[in-house]
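Student: I have a structure here that I have never looked at before, and I would like to go through it with you. Could you take my questions as they come?

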Amino acid sequence: MTENPLPPCPECAGEYAYEMGALLVCPECGHEWQPAPAGAGDAASEERVIKDSVGNVLADGDTVTVVKGLKVKGHPTGIKAGTKVRNIRLVDGVDGHDIDCKIEGFGNMQLKSSVVRKG
């Protein structure tokens with residue numbers, strides 16, 4: 001006989017679960033549940049890690065320093081290297097911009113982690 005590839009029942013740990021439409025059903029206790037999407041266990045245990053230009057792991061609330069001059073559209077001088085940015089927030093931004101922050105004199109903007117250094 002072949003083994004059941006479906007997960008055991010989360011209520012009674014019964015191993016005879018079967019599929020009924022989009023749900024899994026346990027014939028032993030009658031519990032119905034939605035199966036976890038494929039790879040969901042891996043995604044939950046694997047958090048996205050964002051590192052700065054020298055490899056330090058960044059976290060929400062960190063203070064970073066800009067390591068190279070950045071041009072800012074609509075601003076004549078841009079952001080100079082050595083500018084401190086406090087209280088960053090990590091986001092899934094567009095085009096690799098994974099840091100959301102507020103820079104004094106410029107306002108809210110997004111930066112790439114490759115142009116900052118922690119500390």
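Student: Which side chain meets Arg89 in a salt bridge?
Tutor: Asp100 does, and the N to O distance in that salt bridge is 2.4 Å. The term stands for a side-chain nitrogen of Lys or Arg within 4 Å of a carboxyl oxygen of Asp or Glu. Before we go on, please keep in mind that this is a predicted model, in which local features need pLDDT of at least 70 and side-chain atom pairs count only at pLDDT 80 or more, while totals for chains, interfaces and linings use all residues. Residues are numbered from 1 along each chain as its sequence is written, and side-chain values use heavy atoms, with hydrogens and water left out.

Student: And what does the pair Arg89 and Asp100 tie together?
Tutor: Arg89 lies in strand β6 and Asp100 in strand β7, so the pair ties together parts that are eleven residues apart in sequence. Strands here are DSSP runs of E with at least two residues, helices are runs of H or I with at least four, and both are numbered from the N terminus. Arg89 itself counts as partly exposed, at 45% relative accessibility; on this scale buried means under 20% relative accessible area, exposed means over 50%, and partly exposed is in between, using a 1.4 Å probe and protein chains only.

Student: How many salt bridges are there by this rule?
Tutor: The count comes to two.

Student: Is Asp62 buried or exposed?
Tutor: Asp62 counts as buried at 15% relative accessibility, whereas Lys118 is partly exposed, with a relative accessible area of 36%.

Student: Back to β6 and β7, then: what is the strand order in their sheet?
Tutor: The order is β6-β7-β8 in an open sheet of three strands with antiparallel pairing, where two strands pair if DSSP finds at least two bridges between them. The edge strands are β6 (89-90) and β8 (107-112), each of which pairs on one side only. Between β7 (residues 97-103) and β8 the antiparallel pairing runs over six bridges, and Lys102 has Asn108 in β8 as its bridge partner.

Student: What about β4, where does that go?
Tutor: It belongs to another open sheet of three strands, ordered β5-β4-β9 and also paired in the antiparallel sense. Here β5 (84-85) and β9 are the edge strands, and β4 pairs with β5 over two bridges.

Student: Which residue stands opposite Thr65 in β5?
Tutor: Lys84 does. Thr65 has its place in strand β4 and counts as buried at 5% relative accessibility. A polar atom of the Thr65 side chain lies 2.8 Å from the backbone oxygen of Gly119. Apart from residues up to four places away in sequence, Thr65 touches several others, among them Gly82, Val115 and Arg117, where a contact means heavy atoms within 4.5 Å.

Student: New topic: how many residues are in the largest nonpolar core?
Tutor: It has 15 residues, and those with the most contacts inside it are Val85, Ile99, Cys101, Ile103, Leu111 and Val116. Such a core is a set of buried Ala, Val, Leu, Ile, Met, Phe, Trp, Tyr and Cys residues joined through side-chain atoms within 4.5 Å. The strands β4, β7 and β8 each supply at least two of its residues, and β7 gives the most, with three. A second, separate core of five residues includes Cys9, Leu24, Cys26 and Trp33.

Student: What does Met109 touch?
Tutor: Leaving aside neighbours within four places in sequence, Met109 is in contact with Val72, Ile79, Ile99, Asp100, Cys101 and Ile103. Met109 lies in strand β8 and is buried, with a relative accessible area of 17%.

Conventions. Polar contact = N/O pair within 3.5 Å; in protein donor to acceptor, adjacent residues only side chain to side chain.
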